[in-house]
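Biologist: I would like to learn how to read a few features of a protein model. Please take me through them one at a time.

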Amino acid sequence: MVHAGTVLISAIKLATKVAGGGKLLFLPTFLAALAYYNYDLYDPENRLVNEKNLRSEYDFIVVGGGSAGAVVANRLSANPEWNVLLLEAGGHESEITDVPAISLYLHGSKYDWKYKTQPDSSACQAMKGNRCCWTRGKVIGGSSVLNTMLYVRGNKRDYDNWESMGNPGWGFEDVLPYFKKSQDQRNPYLAKNTRYHATGGYLTVQDSPWNTPLGIAFLQAGEEMGYEIRDTNSDIQTGYGLYQFTMRRGYRCSSSKAFLQPVRLRRNLHVALWSHVTKVLIDQDSKRAYGVEFERDGRKRVALAKREVVLSAGAINSPQLLMLSGIGPEEHLRSINVPVIHHSPGVGENLMDHVAVGGLVFPIDYPVSLVMNRVVNIPAALRYAVLGEGPLTSSIGLETVAFITTKYGNQSDDWPDIEFMLTSTSTNSDGGTAARKAHCLRDEFYNELLGDLSNKDVFGVFPMLLRPKSRGRILLRSNNPHQYPLLYHNYFSHPDDLRVLREGVKAAVAVGETTAMKRFGARFHSRPVPGCKTLELFTDEYWECVIRQYTMTIYHMSGTCKMGPPTDPLAVVDPKLRVYGIQGLRVIDASIMPQITNGNINAPTIMIGEKGSDMIINYWHGVDTRRRRRRSANITIS
């Protein structure tokens, strides 16, 4: 138990740092118990090996160890004849990142890139400096370490639409096997539906281990409003259901936990942490990628790739790296003194995100919600540490999901345009600490709108726009790889987005008027939103003002290295995810989405990792087979 004692001491030190300011003083006790009772999880020898002695050359180099990159590294290294290097700018996960209930405390931490968009008065007006905070994971496992673990595949029409846009092989029937390939479905009733679910994959998917009475009440409210209760990851999406999560026995199942830890002892897989890739190396004459430059331990290094370089750095970092490497809009690259290797006008364009509306809060009369200072305490911490149960397994109160269609959609088909995230919490449930900071709300805005509800029992309805028509863009600030790029969200630049989301807000308010929710004494917190007080309450103009004030990103940045046919001038990669104009370079992450999926995007991003890996494997299997045949033929002739 020498190792266990070391882990226990380090856990206490870590927790004390995070608990600064007295907000989470239960954490030292909690993590000490966690380390003691779950020694097998936190044994230092059970962690990913951060390889120190890197080779000069690998068959494949994967940049970014997030939701897609971890999958790619796993699948490529399954071939013992291939050597694979995975480069990640961040470090290890920790005991804290495993705990579902406190994920918002990770926003703005060392695990976060801490991106902020350029100021824009069209949205995020309640945020500091009119800038939306875009949390992205800078840690092995990427944003799957910071997200709320929601497992949502989207709508089958998403993928059929991708195919119709000139991307053969990306229809729903083509991608479904890759969703199932990853999945280890722990709900036995869903696991029986082998058409849509599977067991035995690396990624654990399960129901929440802990729910409040509000979770089931939301389902009853949905039935009152005429919706079916269903598995929204199967044949029909429209309706209400309980969320499923990428969680394992109450702990977060990040892409690193799922895909990298089980294969950490493969000798042909090297994982290099705290390794910031700054450039893809491309031969000017052949236009072939042959390696990467990266910085580690304060030194610039080079790693060469015999077969391919794969960018899985995410929808911000992948286009940034392409542009830094000379692939992007020619005029923009020249303006910041980046030598142009290939003019690709779509790099950084087509930026999409899901946005929701915050502040739709419903006070209730019973102590049944997830009020953090009531449920996050030493007894709950010990229950979680010893048994993996209790309120700390709740993903910040997310319990129920609903997919609905507003008057702007077609009610007769299964193509919802709004997702409700129904929660047993809201921004005020932690006393105005982590949620307010994660959303970057100005103090005066929070205090005026929600201050008197701090630590009070409420539930929340967060309507999310599913198919935005607005498109943002990413540009380089300079040719310095350490300078963050310029992020232009352009939310609501298309008027239809504001109209659809406005109708979603009205439908969200109606949830609180159902008998199911009135049983808890639910009433809408109708205090006028700061910045909108001059408008008549509940009018269309008022709701549109509210949307522009408390605009919530759901952190679903995507589309910035768009997949498309050669005839699409903004396509960056082809349907095999190969970068146009460059050999030996692919992009495999959410940036390749030509259109964002109808729901939370972590599961689709993992699917892209699975399908992209198969494309690489099949291509090189064919190449190697032909090489062997040629060698065999030469031997026979001689």
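**Reading contacts and packing**

Modeller: This is a predicted model. In it, the side chains of threonine 135 and aspartate 112 are joined by a polar contact of 3.4 Å. Threonine 135 also has a side-chain polar contact with the side chain of histidine 107, at 3.1 Å.

Biologist: Where is threonine 135 found?

Modeller: Threonine 135 lies in the loop between strand S4 (133-134) and helix H5 (156-164).

Biologist: Is threonine 135 buried or exposed?

Modeller: Buried means under 20% relative accessible area. Threonine 135 has 6%, so it is buried. Neighbours within four places in sequence aside, its contacts are His107, Asp112, Leu146 and Tyr555.

Biologist: How are two packed helices described?

Modeller: By the angle between their axes and the distance between the axes. Here the axes of helix H16 (residues 495-511) and helix H18 (residues 540-549) come within 9 Å and cross at roughly 100 degrees. H16 is therefore roughly perpendicular to H18.

Biologist: Which residues make the contact?

Modeller: From H16, Leu498, Leu501, Arg502, Val505, Lys506 and Val509; from H18, Asp540, Trp543, Glu544, Ile547 and Arg548. By class, there are six nonpolar, no polar and five charged residues in the contact of H16 with H18.

Definitions and conventions:
Residues numbered from 1 in each chain as written. Predicted model: local features only at pLDDT ≥ 70, side-chain atom pairs only at ≥ 80, totals over all residues. Heavy atoms only, no water. Helix = DSSP H or I, 4+ residues; strand = E, 2+ residues; numbered from the N terminus. Buried < 20%, exposed > 50% of the residue type's maximum accessible area, 1.4 Å probe, protein only. Polar contact = N/O pair within 3.5 Å; in protein donor to acceptor, adjacent residues only side chain to side chain. Contact = heavy atoms within 4.5 Å. Axes fitted to C-alpha atoms, helices over the stretch in contact; angles between N-to-C directions. Parallel < 35°, antiparallel > 145°, perpendicular 65-115°, else oblique. Nonpolar A, V, L, I, M, F, W, Y, C, P; charged D, E, K, R; others polar.
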